[in-house]
Amino acid sequence: MRFQNKTVIITGAGSGIGRATAERLSAEGANLVLVDRDAAALDVTRAGLAAPDRVLVRAHDVSVESEAERTYAEALSRFGYVDGFVNVAGAMIYQPLAELTGNDWARIMTINFFAATYFTHHAFRHMSRGGSLVYVSSIHAHQTSPLVGPYAAAKAALSSLARTASIEGRGRNIRANAILPGAVDTPMLRESPNIKSGLEVLDPLDIGQAEDIAAAIVFALSDDARFVTGSEITVDGGRLAKL
Ligand code: NAD
């Protein structure tokens, strides 16, 4: 019960990695603020938690900065303090550079990266007793494949944000880390056109489960990781290590 009397905001909590993270944190005693644009999916997540009564559900698009402000304010008013923030919501588009418009880049950068900065802003204003920020990046922050340029760039930016937040959080007891999943068996992976078309072929040993990533996220959030900050934690079954 490492998270008793602690409150964590999770974006992308309606599916996959976000839902698995909510399940682990609830089982360890946390109060949760669950964010996703899919309200019905959030209800399913909540119903499956160990303590569904200690949950605030906020259905909104993370791209909308004012909604992030409202979510943070409602979290404070319901639970008094926010100890952790986990940025999980993410989206991909599959298009070559020749076809991507400025709007495409802006949309993907906003969902995957700017949304994290909105919540980080409020965390730095309110985490007077310290806290932990966890950004779900990707191995695409370092190595990537064709057609996913905006996604890969946004994930690299999240790793950079973790470094900046760790530096500005030092001395304030605010830690920040990026988690870099490899391939994870969630709807995002199953619906990937690169996988469906055979452009990207995965060894079954390279595919992890949402719980594998949630385990690393919860570690980074917890006091067990008190000396871990500004880091990228790769959770990919060894995929990036191969020649
Ligand atoms: P998923 O599709 O199962 O879940 C993503 C969730 O984010 C969904 O519930 C969706 O509704 C929500 N979401 C998407 N856009 C949103 C928006 N604008 N506002 C609010 N909510 C929004 O995918 P997942 O695999 O669990 O992905 C979670 C995170 O993990 C993403 O950031 C993704 O980039 C990252 N990741 C996934 C993999 C993988 O192979 N699945 C690998 C590396 C990184």
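These exercises explore the pockets and the ligand of a predicted model.

**Exercise 1. Describe the largest pocket: how much space lies in it, and which residues are closest to its centre?**

Step 1. Start with volume. The largest pocket holds about 1200 Å³ of space.

Step 2. Turn to the lining. It is made of 48 residues. Closest to the centre are M92, Y151, T186, M188 and L189.

Step 3. Find the elements. Those that give two or more residues to this lining are α1 (16-27), α5 (149-169), β7 (183-184), α6 (187-190) and α7 (193-196).

Step 4. Sort the lining by class. It has 22 nonpolar, 17 polar and nine charged residues.

**Exercise 2. Describe the second largest pocket: how many residues line it, and how do they divide by class?**

Step 1. Take the volume. About 300 Å³ of space lies here.

Step 2. Count the lining. There are 17 residues, and K6, G131, S132, L221 and D223 lie nearest the centre.

Step 3. Sort by class. The lining of the second largest pocket divides into seven charged, six polar and four nonpolar residues.

**Exercise 3. Locate the ligand: where does it sit, and which residues are closest?**

Step 1. Look at the shell. The ligand is surrounded by 27 residues, with S15, D36, V88, Y151 and T186 the closest.

Step 2. Compare two lists. Y151 and T186 are among the residues closest to the ligand. Y151 and T186 are also among those closest to the centre of the largest pocket.

Step 3. Assign elements. α1, α5, β7 and α6 each supply at least two shell residues. The largest share is three residues, and it comes from α6.

Step 4. Sort the shell by class. It has 13 nonpolar, ten polar and four charged residues.

Note on methods: Residues numbered from 1 in each chain as written. Predicted model: local features only at pLDDT ≥ 70, side-chain atom pairs only at ≥ 80, totals over all residues. Heavy atoms only, no water. 1 Å grid on protein atoms, 1.4 Å probe; cavity = no way out; pocket = protein on both sides within 12 Å on 5 of 7 lines; lining within 4 Å. Points joined across faces, edges and corners; volume = space filled by probe spheres on them. Helix = DSSP H or I, 4+ residues; strand = E, 2+ residues; numbered from the N terminus. Nonpolar A, V, L, I, M, F, W, Y, C, P; charged D, E, K, R; others polar. Near = heavy atom within 4 Å.
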